[in-house]
Amino acid sequence: MSESIVSYNCLGSFFYKVATPDQCPKPTVLFFNKELASELDFDFSVFNDHELAEIFCGNQKLNNTPPIALAYAGHQFGHFVPQLGDGRAHLIGELKGRDIQLKGSGRTFFSRRGDGKSALGPV
């Protein structure tokens, strides 16, 4: 039995909104999981540290995929809300059916009045 993977980009705009992460002026790679990158067939060897930082902070697109913010439904303040969404996360692409997401990367359609930012520790 084969597993079928559906990209969020194929589900339609009810499930996401296009959202560009805030530009990061001087990104730096703090940690890079080479084992996971290899598992996802991401050839990191063709990039230098600056290029990796540009991709994984959202300054450059990953595989020319438009960044999106995900919508979801759930309970908030004791009531069911049919459309909520992540106000500070951007899905910047997929590798082998796995989502690559930035958290704390700026405002999205779902941010309400927040700035969409976060300290490194919580994310």
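Analyst: A strand is a DSSP run of E, at least two residues, and strands are numbered from the N terminus. Keep that in mind for β4. The model is predicted.

User: Which element gives the largest share of the lining of the largest cavity?

Analyst: β4 does, with four residues. The lining consists of Asn-9, Thr-65, Pro-66, Ile-68, Leu-91, Ile-92, Gly-93 and Glu-94. By class, that is four nonpolar, three polar and one charged.

User: How many cavities of 30 Å³ or more does a search of the whole structure find?

Analyst: One. The volume of the largest cavity is about 30 Å³.

User: Let me stay with β4. Why is β4 described as largely enclosed by the rest of the structure?

Analyst: Count its buried residues. Buried means under 20% relative accessible area. Six of the seven residues of β4 are buried, so the strand is largely enclosed by the rest of the structure.

User: What joins β4 to β5, and how do the two strands run?

Analyst: Read the bridges, then the direction. Six bridges join β4 to β5, and the strands run antiparallel. Gly-93 faces Ile-100 of β5. Glu-94 faces Asp-99 of β5.

User: Which residue takes a positive phi in the hairpin of β4 and β5?

Analyst: Look at the turn. Two residues lie between the strands, and Lys-96 has a positive phi near 50°.

User: How should I read a nonpolar core?

Analyst: Start with the general idea. In soluble globular proteins, nonpolar side chains tend to be buried together. Now this case. The largest nonpolar core has 10 residues: Ala-37, Leu-40, Phe-42, Leu-52, Ile-55, Leu-62, Ile-92, Leu-95, Ile-100 and Leu-102. The elements giving two or more residues to this core are α2 (49-56), β4 (89-95) and β5 (98-103).

User: Which residues does Ile-55 touch, leaving out those up to four places away in sequence?

Analyst: Phe-47, Gln-60, Leu-62 and Ile-92. Leu-62 and Ile-92 belong to the largest nonpolar core along with Ile-55.

User: How far apart are Thr-65 and Phe-31 in sequence and in space?

Analyst: They are 34 residues apart in sequence and 23 Å apart from C-alpha to C-alpha.

User: Now the pocket. How much space lies in the largest pocket?

Analyst: About 1100 Å³. Its lining takes in 30 residues, and Phe-56, Cys-57, Gln-101, Leu-102 and Leu-120 lie nearest the centre. α1 (34-39), α2 and β5 each give two or more residues to that lining.

User: Which element gives the most to the lining of the largest pocket?

Analyst: β5, with four residues.

User: How do the residues of that lining divide into nonpolar, polar and charged?

Analyst: The lining of the largest pocket has 20 nonpolar, seven polar and three charged residues.

How values were computed
Residues numbered from 1 in each chain as written. Predicted model: local features only at pLDDT ≥ 70, side-chain atom pairs only at ≥ 80, totals over all residues. Heavy atoms only, no water. Core = buried A, V, L, I, M, F, W, Y, C linked by side-chain atoms within 4.5 Å. Buried < 20%, exposed > 50% of the residue type's maximum accessible area, 1.4 Å probe, protein only. Contact = heavy atoms within 4.5 Å. 1 Å grid on protein atoms, 1.4 Å probe; cavity = no way out; pocket = protein on both sides within 12 Å on 5 of 7 lines; lining within 4 Å. Points joined across faces, edges and corners; volume = space filled by probe spheres on them. Nonpolar A, V, L, I, M, F, W, Y, C, P; charged D, E, K, R; others polar. Pairing = 2+ DSSP bridges.
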